[in-house]
2 protein chains.
Amino acid sequence: MTAPLLPGSTIGILGGGQLGRMLSVAASRLGFKTCIYEPGADCPASHVANHHIQADYDDTKALERFANSVDVITYEFENIPTTALDILETLRPIHPGREALRISQDRLTEKTFLQDLGLQIAPFAPVDDADSLAQAIDTIGTPSILKTRRFGYDGKGQARLTSPADASKALTDLQGAPAVLEGFVDFTAEISVIAARGTDGRVAAFDPGQNVHQDGILRTTTVPAPLPNRTLTDAVLTAGRILNALDYVGVLGVEFFVTPAGLLINEIAPRVHNSGHWTQNGCMTDQFEQHIRAVAGWPLGDGSRHSDIRMENLIGDEMDRVPSLAADPTCALHLYGKSDTKPGRKMGHANFLTPQT
Amino acid sequence: MTAPLLPGSTIGILGGGQLGRMLSVAASRLGFKTCIYEPGADCPASHVANHHIQADYDDTKALERFANSVDVITYEFENIPTTALDILETLRPIHPGREALRISQDRLTEKTFLQDLGLQIAPFAPVDDADSLAQAIDTIGTPSILKTRRFGYDGKGQARLTSPADASKALTDLQGAPAVLEGFVDFTAEISVIAARGTDGRVAAFDPGQNVHQDGILRTTTVPAPLPNRTLTDAVLTAGRILNALDYVGVLGVEFFVTPAGLLINEIAPRVHNSGHWTQNGCMTDQFEQHIRAVAGWPLGDGSRHSDIRMENLIGDEMDRVPSLAADPTCALHLYGKSDTKPGRKMGHANFLTPQT
């Protein structure tokens, strides 16, 4: 266990989107400064950070300047180039660590890791070309989904196969990128667990939320999830096993499919997670502060849920809803300060307090 | 009623201390940027603001640059020089307005205003010199307190008189500044109301909290205040009358003495208030967001209390308590990022969730 970071220290955050923005706010509550590393100008996190280094991930000088100006490094997205990490890790601690990044950056590595832990996941097979796809279809069957091994998010880098005849179109859609064929899972619900592990090895988890996705993008999260306690407990224990196996420090998101045969893990994300935004209005310690506490070597906080919440993402022109949401006494608004509204772009979210169940 | 400020707009905040810091965070939640005007370097608010103009209040060019870079102006302290306000108000709206500032900047004006509204305050008399002090002592008697009319805060600019013989020492202590002699109030408790009024004229108030001061500095606020409902309702209605009388926009703090003869107003503050910090962990909309909503012309939010809270200020070397507070699951920490710890300096506060009464 490392010594806790003193108030006044600086936390470096790779990525300047909404997650970096809300991490930065949480860090300020605990008396920390933040420095954001982000190639884009006027990024959401820079509005609430002490410093923004605007540079690309292949800019060695800027990466060194960043690392030398902070006490510890964390990130808001997992697809950080390995070459950048190689430079940063020689200069400052990075939490969550390289192993979590290595695993979550590659869908095939992640699935193999989870399978080796004895956890339940959908059937999968690696795909590199037409031959291996044909083989994978033989094993997995259709319907199934071809997903790129790297850089997929919000439903990007995916192609559905309803029959073997879709194989060549799917390969074309993914432009020949190394991929994984996943068996189609007939789920009754999707849930996620936002869990945390401190440098002292202690683990904590927020109540699991039930998620609804549309076109691969999260639309709503509801807590408590209307599912049997046994299912929710299974999910929390599974998240705990993953955290311990990775000797993890920070917040981790784990997405599950609920099926008649039990829980299957969909994917893990080594960072704060969209499906944990409800914690901002449902808990004394939210996922952002929990992550900062872990990364700073502080004890984890109390993430008990004091309210029932439904989180709705505001995507693209749903920003038009802001005037009515602002007038809704059951709604807590969280806007990201993005200047351009684009279709599919996450612009904010709303946490609705729902009557206690 | 003015049109509501659109997300992406910039709110200018005069003053870069902890109140400006927490206002800036609240503004970010609603998608606003902030620009801080503050003479000091590395001020708490600048760590979470989009921009910091470091300049003095007599710097006309900097004031103009500030006003021209923001959409609306607010402030974290009431003692803004009139000359600065004269420049700013020609360029941008200022909320709360000039009348609230004029009244709260001068203790004598404030007391006269409250008295003219028919509200109960401690007996008072103006003091400019030894003669008027002697006259004031004749009317008010002793024990009493001599307070400067302007720039008093956290118990500064005050001298106690236990007998008429203390008169000349009290005058010396206040260095001849225009003052007010206040009759000593024998109170059983101190409470405050944090209330808000929107541009639409609607008024809302948080639950009154009971305050404990030490050496003129707030130490704790407890909600709910353990007092009869009648007393708390009186306090809320009084705050509402003041807001309406001032055609006020924003959050106002009103401090009361609870006496056997009823409530007496101690003082008002045209801004977010230390005794309202409990709202950060007790309400969905806290005092900072409520202020930003009002200033931005948005509808007020729901400030209903969902938890019982005791707020404790962390003053000076009480920062030593941070490690144990960080490990206390009932405690939500709020640190201000001040680099120097000085005796009497507010460094942070802790909101303790207490069992529901």
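Analyst: Start with burial. Buried means under 20% relative accessible area, exposed over 50%, and partly exposed in between (1.4 Å probe, protein chains only). Strands (E, at least two residues) and helices (H or I, at least four) are DSSP runs, numbered from the N terminus. This is a predicted model: local features need pLDDT of at least 70, side-chain atom pairs count only at pLDDT 80 or more, and totals for chains, interfaces and linings use all residues. Residues are numbered from 1 along each chain as its sequence is written, chains are lettered from A and ligands numbered from 1 in the order written, and side-chain values use heavy atoms, without hydrogens and water.

User: How many residues of strand β14 of chain A are buried?

Analyst: Six of the eight residues in β14 (262-269) of chain A are buried, so that this strand is mostly covered.

User: How does β14(A) pair with β13(A)?

Analyst: Two strands pair if DSSP finds at least two bridges between them. Here β13 (250-259) and β14 of chain A run antiparallel, with seven bridges. A:Val258 has A:Leu263 in β14(A) as its bridge partner. Two residues lie between the strands of this hairpin.

User: Where is empty space left?

Analyst: Rolling a probe the size of a water molecule over the atoms shows that. A cavity is a set of points on a 1 Å grid over the protein atoms alone where a 1.4 Å probe fits but cannot get out; lining residues have an atom within 4 Å of a point. The whole structure has one cavity of 30 Å³ or more. Among the 40 residues lining the largest cavity, A:Arg29, A:Gln280, B:Arg29, B:Gln280 and B:Asp286 are closest to its centre.

Definitions and conventions:
1 Å grid on protein atoms, 1.4 Å probe; cavity = no way out; pocket = protein on both sides within 12 Å on 5 of 7 lines; lining within 4 Å. Points joined across faces, edges and corners; volume = space filled by probe spheres on them.
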